[in-house]
Amino acid sequence: MSGNDIQPTAAIRGHFQFTHGGLVTATYFMAALDYGLRRGGDKHGVRMTHHALISNLPDGALLLGVQARLDPLDVLHRMVRGIDIDDCQHYAVETVAAFERIRALRPLTRLFLLSFPVGTVGSGITSMARMWPGGGGTVDASVVSRADLESYEATASAVLSRIGGEFDPIPVPASLFQWLWSHYLSRGAGEDPVAPSESGPLEDVTAAVFGPAALDEGAQTDATSRLRRSFAPVVKIMQAETETVSYQTMLTVRAFPYGGMAFPGGSEFLSALECAGDVTVDWGMRVSRRSADEVRKHNETNLRRLGEQLEERDSEVSFAQNTLLDKARMLGDYNRHYEVNGGESEVLFTTVIAVGGATRGAVQDAVNTLKRRYQRYQIELTAPVGAQVDLWSMLIPGSAPRRAFDDYGHIVPSDMWAGFVPFTSSGIGDESGPVIGVNLLSGHFEPIHFGIMEAALHDLSASFAVTGELGSGKSYFLKLMAVLVHDMGGQFLAIDRSQVGEWEHFANAIDNAVVIDLGNPTVSLDPLRVFAPGVAGERAVDVLLPLLDVSPTSTAGAALAALSTVKGRAEHNIHSMLDLHRAAQSLSDAPAYAELAERLVTLVDRVAVLFDPQLPPLRLTAAATVVRTHNLALPTVEELVTPHLYNRLPLTKRIGTAMYELVGMTAREAFLTDNGRFGLLVGDEAHHFTQTHVGSAVTSDFSRDGRKHLAAIGLASHDPATDFHGAAHNLIPNRFVFRQRDEVLARNSLEWLGVDPDEAVHLVKMLREDTSPPIGPNREVPPERRGEMFMRDALNRIGRGKVLGPARFDRADAIGSTPISQSAGQRWP
């Protein structure tokens, strides 16, 4: 059969299609609703939106989900949006390398389309001719007047208005019809061009743009014997112009579960089409409706017929009578559904799943994979022999009705149809920014953008938090974000707790980093010298009160506060912490100052980073700053959160906590100012920030005000339930969860992400056992499985992805290597 015999289009005017049969359709891009791993309550909202869709569609509407190639150039433009590439040469090199990597990955997307009739044209064509496949006539679209077009537009607008704006319908360009035809002809066998999304120079086209092709049902031309006809459920499509050959099988639903499908989790059957192998899988659904009144009348007729059959078999003892009784009960329940829900309608729909590939074997493997997959839903798929071309044509907008459409149709109430939620996606990440990984949940490997520096321009918080067990990839991800900020012209300060100095090694590998060792300091963190005079005294009091173990309302605390004021510092000539100590000594005749001096003397010789005036004060102007804290004694989480243990902390641990807080305050003062440069504070042990009063304030300030001052904080933790409280829980929107094999930690991590672990037990299992799993005798993670994680983005969308790491080899080596053995460094693909 020739493709021209099937293509119904006579002419196109923009998004309006005029068929040979006189039908006029309007076609729109439909935005997918966010779905992914959201909670059940959110998914019910998506279902209600689909209910509004199906309840207002005209008969003969066609819903399409078409697999298409993602444009790498669009990804590139999104990566550099808002970045001055001329001033960020390092990021320019990274962008080019990332572009090549994305092209190699060949990411996909799914286009969602809605086509529905808006009128007719060509009154000279008989109604009988319009019913005949192929149309039986020709329409001259040139005679269509402006008034006709306005009438079609008004009809389409009325339908879209009733549906609502959640799907953001956008008229398709005329060139999309040609692209769609070419895509169908070469489905899975060729490299599709990128689907057009904007209007082109020619918005009025004719049927001449649709290329010819031969559709060979059963692939008869492959048969070894001409005497034996093939009855295989396959269509071989050959295009002479391109010499492209595509093998395609049309699947449709033979039976849905007898007991119905639970929502959510059991009815979203179209989401199971992704990742079916090296093939292309499209789907189409043709729908029509009957009102509740029509359904009730139809049911009454059917009930009378059942009653007559029961009377005929009244004296008969057989299973047939029981079957009739069951049917009568089911019909009664079905009728009551419409009586109770007066706004319901009945949906008659036919679903076609088109699987196409370059070889017959690849298509058959994919078909078998999908059939097995759908058995989990208790849905039986079939590939009808002899109806393949007819079902293939159903995915073409404007196609004339064919018998196969009715033969494989199904009937459900509109609220149950809405549970299919066909127009949904599992997208995560931002609209622009560097590519940090790929989407695993969607199955299309779309790039995940994280616009950490651009978020502030959209009044969003760029702060992020990471959780996972040891070796799961937390530190790797923190370094990735730090190097991206650095290469995009920002600056970062990282606190390095490791004994080997991994952050120091990393920072020196990418820049001339400033490294501060708090155990052997080369710069001073004296608050009276580092901070501006207006806030220096307050910062000094915040640092000294816990170090001195005094209450702010005690006599010593009051004396400290008095000396730290602007007036007190000017009166006693205090310019440093050492001056503060000397001033307290000079006033020691008073008991309060004597006590303050006695407490301060225990710190002067032990904490040079605060009391040595010869050290230059820290200035956070370098692109990369690393503060090493490996020589500091730090309290445990239990000591920080348990009052009686905290009160008994030794001085060494109090000093360690104070240093952590002071580094955070220094970063806050430097980054939360309008200096025109993005600043990132990185803390690999979150509880030292989130479990103390000052640390919580620092975290809160970065989370609340970072968007106003081009700044963010990045924190990592093993257990979010204990470490992420207050601002870290409520105000940090971007969250990443890497492998957690412990069940309690896995549940805590998913709950922090926004997933109900009791509702989604399978996700707990996936996080524990199938997220970058260590396998083999050495219990190592295979390179291709590294970086797997769950993610929640700034829009509260939850999904699953894989962190890729830098595309530049030198940057990847800098992140993955360690001072102990650079050869042992890991580079994630």
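Modeller: D168 is found in the loop between α5 (146-163) and β7 (170-171); helices here are DSSP runs of H or I with at least four residues, strands are runs of E with at least two, and both are numbered from the N terminus. The model is predicted, so to speak of local features pLDDT of at least 70 is needed, side-chain atom pairs count only at pLDDT 80 or more, and totals for chains, interfaces and linings use all residues. Residues are numbered from 1 along each chain as its sequence is written, and side-chain values use heavy atoms, with hydrogens and water left out. Although D168 is not a glycine, its phi is positive, at about 45°. Another backbone feature is the cis peptide bond from F263 to P264, with omega near -5°; P264 lies in the loop between β11 (244-255) and β12 (280-291).

The strand β12 leads on to its pairings, where two strands pair if DSSP finds at least two bridges between them. Strand β5 (residues 61-69) pairs with β12 in the antiparallel sense over 5 bridges, and L62 has R286 of β12 as its bridge partner. Strand β13 (residues 345-357) also runs antiparallel to β12, joined by 12 bridges, with S291 opposite S345 of β13.

Contact means heavy atoms within 4.5 Å; axes are lines fitted to C-alpha atoms, for helices over the stretch in contact, and angles run from 0 to 180 degrees between N-to-C directions.

Helix α31 (residues 809-816) packs with α13 (residues 474-487) at about 140°, the axes being 9 Å apart. That makes α13 oblique to α31, since under 35 degrees counts as roughly parallel, over 145 as roughly antiparallel, 65 to 115 as roughly perpendicular and the rest as oblique. The crossing of α13 and α31 is right-handed, meaning that the near helix is turned clockwise from the far one by less than a right angle, anticlockwise being left-handed. Y476, K479, L480, V483, H486 and D487 of α13 meet R811, I815 and G816 of α31.

The axes of α14 (residues 502-510) and α31 come within 8 Å and cross at roughly 165°, which makes α14 roughly antiparallel to α31. This crossing, of α14 and α31, is also right-handed. Its contact is made by F506, A509 and I510 of α14 and R811, A814 and I815 of α31.
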